[in-house]
Amino acid sequence: MVSELGETQRNDIILETKGLSKLFPIRRGFNPFARNQPRYIHALNDVSMKIPRGMTVAVVGESGCGKTTLARAITLLSPPTSGEILFDGQTLTGGKVDTKSLYRRMQMVFQDPDSSLDPRFKVKDLVSEPCRRLLDSDREEIHSTVMQSLKIVGLSGYADRLPGHLSGGQKQRVAIARAISIRPEMILLDEPTSALDASVQAQILNLLIELQKDYNLTYLIITHNISVAEYLSDLLIVMYAGNVVEHGPTDAVISKPRHPYTIALISSAPIPNPWKRNLLNIEIKGEVPSAINPPSGCKFHPRCPYAGKICREQSPGMVEISPGQFVSCHFAEKTT
Amino acid sequence: MSLDRKLLSISDLSINYQTEQGTSLAVQNVNLDIGENQFVAVVGESGCGKSTLALAIIGLISIPPARIESGKIGYKSVDLLSLKENERRKFRGTEIAMIFQEPLTSLNPVYKVGDQIAEAIMIREEQNEHLESAREIGIMQKTYSSNDLAVPPRFHLPRFSSSNRTQAILDALKLVRIPDPEQVIERYPFELSGGMRQRVMIAMALSQKPALLLADEPTTALDVTTQAQVLKLMKTLMSEVNTSILLITHDLAVASQVADRIVVMYAGDLVEDSDVYELFREPLHPYTKGLLSCIPSGSKKAKALKPIPGTVFDLTRPSTGCKFASRCPRCMDICRQKKPALVETKPGHRVACFLYGE
């Protein structure tokens with residue numbers, strides 16, 4: 001089955017995932033006794049979410065929580081092991097998908113522009129690549145698209161440079177110009193500013209907001225930086241050890257986090273205020289558990305101050321705790 | 001801070017790097033004093049010279065490509081820059097210790113964690129005993145029996161597993177609140193998580209009870225919850241061990257959380273130096289103000305970020321005026337002609353900008 005991703009349908013939910021899981025098998029050595037027991041890294045575990053059109057959704061969590069795997073699964077760069085992805089109502093899983101037509105509508109910006117931009121390509125060739133690969137434009141069209149995209153990101157006059165001659169922020173602008181060059185509906189941004197300095201990060205964040213207004217883009221932003229997520233996003237998804245532990249409107253989740261992990265995560269984000277030294281009052285102990293042998297029940301229970309017997313035995317389901325805010329915790333009622 | 005309690009006193013320090021693009025002025029005429037038991041954060045963007053400054057203090061800067069153009073680094077009553085390498089080594093690790101950004105590259109992957117901490121402790125012991133061999137302790141840290149190696153090692157150290165030394169290692173690990181230290185000493189660095197590795201580095205550095213700890217982006221590679229744990233630990237240990245900390249960071253938010261004093265650097269210049277509360281109450285330098293308005297806090301609807309226009313100053317370019325002039329919203333004619341000097345506007349608050357002072 002090849003699903004055609006035509007423009008005819010217009011759903012309010014541009015992207016939906018249902019029970020997405022991703023397992024990475026671990027290659028064993030030559031131990032003959034270990035051969036028959038395949039082991040896996042549980043990178044994503046039953047992730048369900050909905051992204052409304054025109055919104056910015058941020059996925060936050062610490063390294064190893066599966067946020068990049070999620071982005072790679074959605075873009076089919078590393079297809080999920082199980083679960084379903086619906087883009088504009090059409091399934092991307094279970095069958096052959098016309099990735100060309102998908103990428104015409106969904107683009108990605110990667111974390112490190114040094115590895116996502118070919119050092120031997122000129123800026124104009126980098127930016128024109130999606131046009132050349134995905135659209136049947138002629139030279140003139142390509143040229144004008146490239147020039148326009150570069151103008152939008154503020155890099156007119158840089159078309160003939162090589163990435164090596166650009167600064168970190170400029171490189172990330174090239175990556176953004178490339179993503180918007182074919183006017184996608186949705187862009188996935190994987191840590192778009194984590195390699196950048198503070199003053200440049202602010203420039204890129206504001207550029208992203210402007211682009212969204214001008215082109216009605218939907219963003220899925222993967223970040224470990226809660227301040228960046230708070231600044232950009234309308235909806236927030238918090239992940240821990242491959243699971244979504246809490247999601248909801250950003251304001252609500254930030255001001256009233258209900259999952260003990262979200263509470264810990266938000267209180268360990270440094271705030272630029274010497275009178276409010278939240279970092280020195282944090283309570284959370286321990287570190288992210290192994291993804292190979294994840295803890296039983298709720299994966300957060302070894303670090304959780306509220307953990308009880310049930311947390312070790314059963315993994316909690318998602319409960320709507322306030323309008324639009326969902327929490328996966330047995331004691332969600334108690335945590336405020 | 002009275003003058004007699006000055007621990008480190010840097011005066012007029014200039015360091016440049018010889019690169020293919022020309023001479024890059026990494027640190028220019030920096031004057032900085034650090035008192036005893038003070039937590040100072042040096043904040044700036046990449047390429048502002050903050051790491052070069054730390055490396056120069058501990059004497060790990062490689063010359064060439066670096067060259068120390070001028071200046072003094074006074075530690076207690078000694079000018080570190082005038083010392084010979086073997087004299088300098090006596091300070092390194094024992095008086096001034098350093099922890100780095102990526103613990104995996106500073107820990108040796110082929111030795112167990114316990115052995116690496118033992119090395120630090122042994123060097124201290126041997127120095128205390130004024131042993132001649134102490135100077136020759138290089139990277140070799142374990143004792144080899146001659147059967148193990150075809151080439152016999154140049155010197156022999158006592159095995160660390162004598163009971164007091166094991167106790168000293170365990171104490172060092174307990175100091176940094178590592179759970180199950182008995183198990184951790186038998187592990188290799190790759191078996192530990194990032195936060196644990198950084199704690200081992202801190203344990204190694206603090207096992208020497210240094211008077212000054214240089215921390216170069218110690219939490220940048222760590223997750224936020226781990227970062228919070230490590231910073232909290234550093235802050236508590238500072239008073240326990242009675243050490244001063246010089247924290248190098250790009251993150252003003254992190255600095256505001258832990259430091260007593262903040263030094264802002266831009267393109268090799270020290271542009272502002274102030275008590276942390278004073279700096280956040282009334283930042284003076286336009287760069288500091290810009291940096292503060294670049295930190296996202298709250299939603300875009302509530303407060304839009306005001307990025308600093310332009311890009312960081314190219315260090316290889318010769319400059320006559322203020323290096324921030326091209327990006328400065330309040331740039332005046334004089335800013336392009338003359339370099340502003342660091343002036344004290346209030347006791348303990350220094351700024352290098354023509355808007356203040358003469």
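This is a predicted model: local features need pLDDT of at least 70, side-chain atom pairs count only at pLDDT 80 or more; totals for chains, interfaces and linings use all residues.
Two strands count as paired if DSSP finds at least two bridges between them.

Strand β7 (residues 212–216) of chain B and strand β8 (residues 244–249) of chain B run in the parallel sense and are joined by five bridges. Within this pair, Leu213(B) sits opposite Ile245(B) of β8(B).

Both strands belong to an open sheet of eight strands in chain B, with the order β6-β7-β8-β3-β9-β10-β12-β11 and mixed pairing. Each of the two edge strands, β6 (96–99) and β11 (343–346) of chain B, has a single partner strand, so one side of each is left without a neighbour in the sheet. On average, neighbouring strands of this sheet are turned by 20° against each other, direction ignored.

A helix also lies on this sheet: α1 (residues 50–58) of chain B packs there and touches β3 (39–43), β6, β7, β8 and β9 (261–266) of chain B. The direction of α1 makes about 145° with that of β7(B).

**A helix pair in chain A**

Now for chain A, where helix α6 (residues 168–180) and helix α7 (residues 198–215) pack against each other with their axes 10 Å apart. The angle between them is about 15°, and α6(A) and α7(A) are therefore roughly parallel to each other. Their crossing is right-handed. The residues that make the contact are set out by helix below.

| Helix | Residue range | Contact residues |
|---|---|---|
| α6(A) | residues 168–180 | Gly168(A), Gly169(A), Gln172(A), Ile176(A), Ile180(A) |
| α7(A) | residues 198–215 | Val200(A), Gln203(A), Ile204(A), Leu207(A), Leu211(A), Tyr215(A) |

By class, the residues of this contact between α6(A) and α7(A) comprise seven nonpolar, four polar and no charged. Gly168(A) and Gly169(A) of α6(A) are among the residues in the contact, and Gly is counted as polar here.

Technical notes
Residues are numbered from 1 along each chain as its sequence is written. Chains are lettered from A and ligands numbered from 1 in the order in which they are written. Axes are lines fitted to C-alpha atoms, for helices over the stretch in contact, and angles run from 0 to 180 degrees between N-to-C directions. Helices (H or I, at least four residues) and strands (E, at least two) are DSSP runs, numbered from the N terminus. Angles under 35 degrees count as roughly parallel, over 145 as roughly antiparallel, 65 to 115 as roughly perpendicular and the rest as oblique. A crossing is left-handed if the near helix is turned anticlockwise from the far one by less than a right angle, and right-handed if clockwise. Two residues are in contact if their C-beta atoms, placed from the backbone, lie within 7 Å.
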